[in-house]
Amino acid sequence: MMEGYWSLILYGIGGILATSVGLLVAFQEKLIYVPVVPGLTKSYPITPARLRLLYEDVWLRSSDGVKLHAWFIKLAPDSRGPTIVFFQENAGNIAHRLEMVRIMLQRLQCNVFMLSYRGYGASDGFPSQEGIINDSQAALDHLIQRTDIDKSRLVVFGRSLGGAVGAVLCKNNPDKIGALILENTFTSILDMAGVLLPFLRYFIGGSSSKGPKVLNRFVRSPWSTIDVVGQIKQPILFLSGLRDEMVPPTHMQMLYAKAAAHNRSCQFVDFPNGMHMDTWISGGDHYWRTIQSFLEENVPEKDE
């Protein structure tokens, strides 16, 4: 009787693992990358022109030949303020962030470069970790070649998935980017799998998790920011919404601890009412003043 009982348990565990592997292999990109929000289309619902923003359409080629689209939104034709490279969350497209960017321009007196990852918006291709890393590099390479901005004041701003993208870009380009802002970013997709699918927590996880982690090898986009952030040399501002319903705020605390152990120019600011997508709203004036102060300290305006 007992042997049969334990056999059933083992078969059950085996079945869960087999099903989990199948789901990971077949659907992981659809779970991680959501270019089309249910009920909406892949195309942009509005452009910056709708908000009366000065912008240009930018078309790029990633290193593997994928055609990419971006918007470069300028505060004014001759603006020499900071240029923020904004990397968005995993769902929707850059048009869904335009209202936030409009306020960003006003409050921070900056330019904003908004990249559509491959497979998002008007960009070709299909999203993957390797591909999006290449896309972000193409965006930076384009900005470095421009003559109408102050390249000493380039700042990367990444929210959620965008934070993972921005962290890799900063690590790979320590002399080209002046500072990094991370908002509500996860430690890794491996750790997030355990958050979203608790029954998998023992079988999948990042470097700090326990268990055999036998499913890790099947994850094609691990986005292990916790293993990257400690290698970043630029100043980093961590913005954490304490009511984040998607990424546990402890992830941001762990990222800060890892970075601060190697980098003295780290700052952590939390917002008690901030949720995953609305920290910039609920944080109010304090949110924008925090970023403004960080920019003034780390990418100051040059004396003429």
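These questions and answers cover a predicted model.

Residues are numbered from 1 along each chain as its sequence is written. In this predicted model, local features need pLDDT of at least 70 and side-chain atom pairs count only at pLDDT 80 or more, while totals for chains, interfaces and linings use all residues, and side-chain values use heavy atoms, with hydrogens and water left out.

User: How many helices and strands does the secondary structure of the chain come to?
Analyst: Helices (H or I, at least four residues) and strands (E, at least two) are DSSP runs, numbered from the N terminus. For the chain, the total is 8 helices and 8 strands.

User: What percentage of the residues of the chain count as buried?
Analyst: Buried means under 20% relative accessible area, exposed over 50%, and partly exposed in between (1.4 Å probe, protein chains only). The chain has 304 residues. The buried part comes to 50%.

User: Is N184 buried or exposed?
Analyst: N184 is found in the loop between β6 (179-183) and α5 (189-196). Its phi is near 45 degrees, a positive value in a residue other than glycine. Most residues other than glycine have a negative phi. With a relative accessible area of 1%, N184 is buried.

User: Where does Q109 lie?
Analyst: Q109 is not a glycine, yet has a positive phi of about 50 degrees. Because its relative accessibility is 44%, Q109 counts as partly exposed. Its place is the loop between α2 (98-108) and β4 (111-115).

User: Which backbone oxygen does the side chain of T185 reach?
Analyst: T185 is in the loop between β6 and α5, and is buried with a relative accessible area of 0%. Contact means heavy atoms within 4.5 Å; not counting residues up to four places away in sequence, T185 touches residues including G158, R159, H251 and L255. A polar contact is a pair of N or O atoms within 3.5 Å; within protein, one must be able to donate a hydrogen and the other to accept it, and residues adjacent in sequence count only if both atoms are side-chain atoms. At 3.4 Å, the side chain of T185 reaches the backbone oxygen of S160.

User: What is the relative accessible area of L196?
Analyst: L196 is found in helix α5. Together with L197 and M246, L196 forms a nonpolar patch on the surface; patch residues have over 30% relative accessible area and no salt bridge, with like charges joined within 9 Å and nonpolar side chains (Val, Leu, Ile, Met, Phe, Trp, Tyr) within 5 Å. A salt bridge is a side-chain nitrogen of Lys or Arg within 4 Å of a carboxyl oxygen of Asp or Glu. L196 is exposed, at 52%.

Notes: Areas by Shrake-Rupley, 256 points an atom, 1.4 Å probe, with all protein chains shown as cover.
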